[in-house]
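Subject: Handover of a structure and its disulfides

Dear colleague,

Please find below the structure that I am handing over to you. My notes on its disulfides follow it.

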Amino acid sequence: MVMKCISLCFVALALFGSFCDAQWGELYKPSPPIQKPATPPVRQKPATPPVRQKPAAPPVRQKPAAPPVRQKPSKQVPHEPQQSKQTFEKPLTWVYPEDPKPQPVPEVPFELRHPVPAATVAVECREKDAHVEVKKDLFGTGQLINPADLTLGTCGAVAEDTAAQVLIFEAELHDCGSLLMMTEDSLVYTFTLNYNPQPLGGAPVVRTSKAAVIVECYYPRKHNVSSLPLDPLWIPFSAVKIAEEFLYFTLKLMTDDWQYERPVYQYFLGDIINIEATVKQYFHVPLRVYVDNCVATLTPDVNSNPRYAFIENHGCLIDARVTGSDSKFMVRTAENKLGFQLEAFRFQGAESGLLYITCHLKATSTASAIDSEHRACSYINGWKEASGVDAACGSCDSGGFGSHGTSSGGSTGTWGAGGGSTLANPGRKIRDVKGITESEVFEWEGDVTLGPIPIEEKLA
């Protein structure tokens, strides 16, 4: 019986030890990747059968398993984000606007009209004197000359036929600076018909050139005869005119019907030059263009001398007012275009017949009103505005023009947003306009130059 109890005690101790080993193994279980081989269990010696029953010995405490080795964290590879194409319920219809394309140059049915000699001088050689008649339209251009500018030698006109527009000269054969030359068969009396134009209305411009017409009377040494009319002779000059385009604003030379750009830039004194100012619309709101002022010079420098401001005081074309020419603004056919006519001229005493014309252009919204700073006024028996708003021209005569042909007001000051007369991007500024709901109105400005300009003379 005692032996049986001792055996049960040993079995209980073995079970208890196994249970403790299992508990410690769960608490200090090593990581799966790195495991040390398990230590083989200690073989227990067989229990010696006790002779007598002794109290059970305390269980032997096993050492805890070594702590697990910490593994290095594995480096995670970043996953690329998944992209998907976004779709719309309705297809997009908006596209970027295309860049403006240059318009093709059309073939213009144009033929340059060359001047022809004009029969404007007639001579009657009388027994004692020479009778000379000269049309006031000396060059056949429609431009009437000033009688004071024409002399026969040193003598002026003695009469004028106002109905026929004819000047009459009479000079005795030995007077008025005549020259006598004798040939084998004839006596020749020579007179010189001198035309020396003076500036028009105080402006430094003339629309005709100096001319000298030789008038000769032949008398046979045996009896008298009358000579036939003689044609004047002089040497014409020429030059070239080119239109250039800068950014939003352009100036073009147009044909007589204003349908095409003029393919030939040659002009003659007395011709009418058709010029069209344009502002490019592109993607802007509708714009209205104005020619604020224009200055003619011999060089591209707008501040050089001599200079003639034929448009000034914010859109007043004063050339007709000063010189009596036919220069004028045309009636508007489109808001972004403005045409005007300028009668060809050149500077008095200048050896070069070349001209440069520099104009300061403005553009405002078509919703802006036409006023004293935005107008196109011509002098045609009074001031007339191109759009019919004649009241806007009331201050055109207050500009003080015509003193020495130099422009007054804004034409001699700073132009454009950048100042001076440099050709740059059009400036943009804000002006206050009374009576308009919007207190700020935008306008664009820019300078455009035409030149050099060639003008030849017409033969009389």
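A search of the whole structure finds 5 disulfides, a disulfide being a pair of cysteine sulfur atoms within 2.5 Å. Please note that this is a predicted model, in which local features need pLDDT of at least 70, side-chain atom pairs count only at pLDDT 80 or more, and totals for chains, interfaces and linings use all residues. Residues are numbered from 1 along each chain as its sequence is written, and side-chain values use heavy atoms, with hydrogens and water left out.

If the bonded cysteines of the chain are numbered in sequence order, the pairing reads 1-4, 2-3, 5-7, 6-10, 8-9.

Cysteine 125 and cysteine 217

This disulfide has an S to S distance of 2.0 Å. It connects distant parts of the chain, since cysteine 125 belongs to strand S1 (residues 121-125) and cysteine 217 to strand S9 (residues 211-220), 92 residues apart. Strands (E, at least two residues) are DSSP runs, numbered from the N terminus. The torsion about the S-S bond of cysteine 125 and cysteine 217 is about -85°, so the disulfide is left-handed. Both cysteine 125 and cysteine 217 are buried, where buried means under 20% relative accessible area, exposed over 50% and partly exposed in between (1.4 Å probe, protein chains only).

Cysteine 155 and cysteine 176

The sulfur atoms of cysteine 155 and cysteine 176 lie 1.9 Å apart in a disulfide. Distant parts of the chain are again linked: cysteine 155 sits in the loop between strand S3 (150-152) and strand S4 (159-161), and cysteine 176 in the loop between strand S5 (166-172) and strand S6 (179-182), 21 residues apart. With a torsion of about -95° about its S-S bond, this disulfide is left-handed. Cysteine 155 is partly exposed, because its relative accessible area is 23%, whereas cysteine 176, at 9%, is buried.

Cysteine 316 and cysteine 396

A disulfide also joins cysteine 316 to cysteine 396, with the sulfur atoms 2.0 Å apart. This pair links distant parts of the chain, 80 residues apart: cysteine 316 is in strand S16 (residues 316-317), and cysteine 396 is in the loop between strand S22 (383-385) and strand S23 (427-431). The S-S torsion of cysteine 316 and cysteine 396 is about -75°, and the disulfide is therefore left-handed. Cysteine 316 is buried, with a relative accessible area of 0%, and cysteine 396 is buried with a value of 0%.

Yours sincerely

Technical notes:
Helix = DSSP H or I, 4+ residues; strand = E, 2+ residues; numbered from the N terminus.
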